[in-house]
Amino acid sequence: MKEKQGFRDTMAELNAMFPDKGMLGKSEVAKFMGVSVRTVNRHGIQFGKTTGMVTKADLARQICI
């Protein structure tokens with residue numbers, strides 16, 4: 001499967017902003033995207049049902065073109 005455009009750049013930005021975390025919560029995703037938690041919910045970002053978190057790689061895949 002081909003990597004989405006901008007994936008590596010997005011991963012680099014996520015790793016720079018959250019170097020010590022592998023998974024992010026809604027508030028951290030909102031901070032990264034520069035929006036409110038409510039807006040994150042409206043964007044349809046998929047979070048884990050049990051953890052309520054998303055891996056940085058999954059987030060990068062979801063928000064890249």
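What percentage of the 65 residues of the protein count as buried?

1. The answer is 31%, with buried meaning under 20% relative accessible area and exposed over 50% (1.4 Å probe, protein chains only). This is a predicted model: local features need pLDDT of at least 70, side-chain atom pairs count only at pLDDT 80 or more, and totals for chains, interfaces and linings use all residues. Residues are numbered from 1 along each chain as its sequence is written, and side-chain values use heavy atoms, without hydrogens and water.

2. The protein has 4 helices and 2 strands, in the order α-β-α-α-β-α from the N terminus. Helices (H or I, at least four residues) and strands (E, at least two) are DSSP runs, numbered from the N terminus. The radius of gyration is 11 Å, close to the 11 Å of the globule rule for 65 residues, so the protein is as compact as a globular protein of that length. That radius is taken over C-alpha atoms; the rule is 2.2 Å times the number of residues to the power 0.38. The C-alpha trace spans about 30 × 25 × 25 Å along its principal axes.

3. Helix H1 (residues 7-17) buries Phe7, Thr10, Met11 and Leu14. They sit on the same side of H1, because their arc around the axis is only 100 degrees, taken from the directions from the helix axis to the C-beta atoms. Arg8, Asp9 and Ala16 are exposed on the other side of H1.

4. The buried residues of H1 pack against strand S1 (23-24), helix H2 (26-33) and helix H4 (56-63). Contact means heavy atoms within 4.5 Å. Of the contacts with a separation of 6 or more, 56% join residues 24 or more positions apart.
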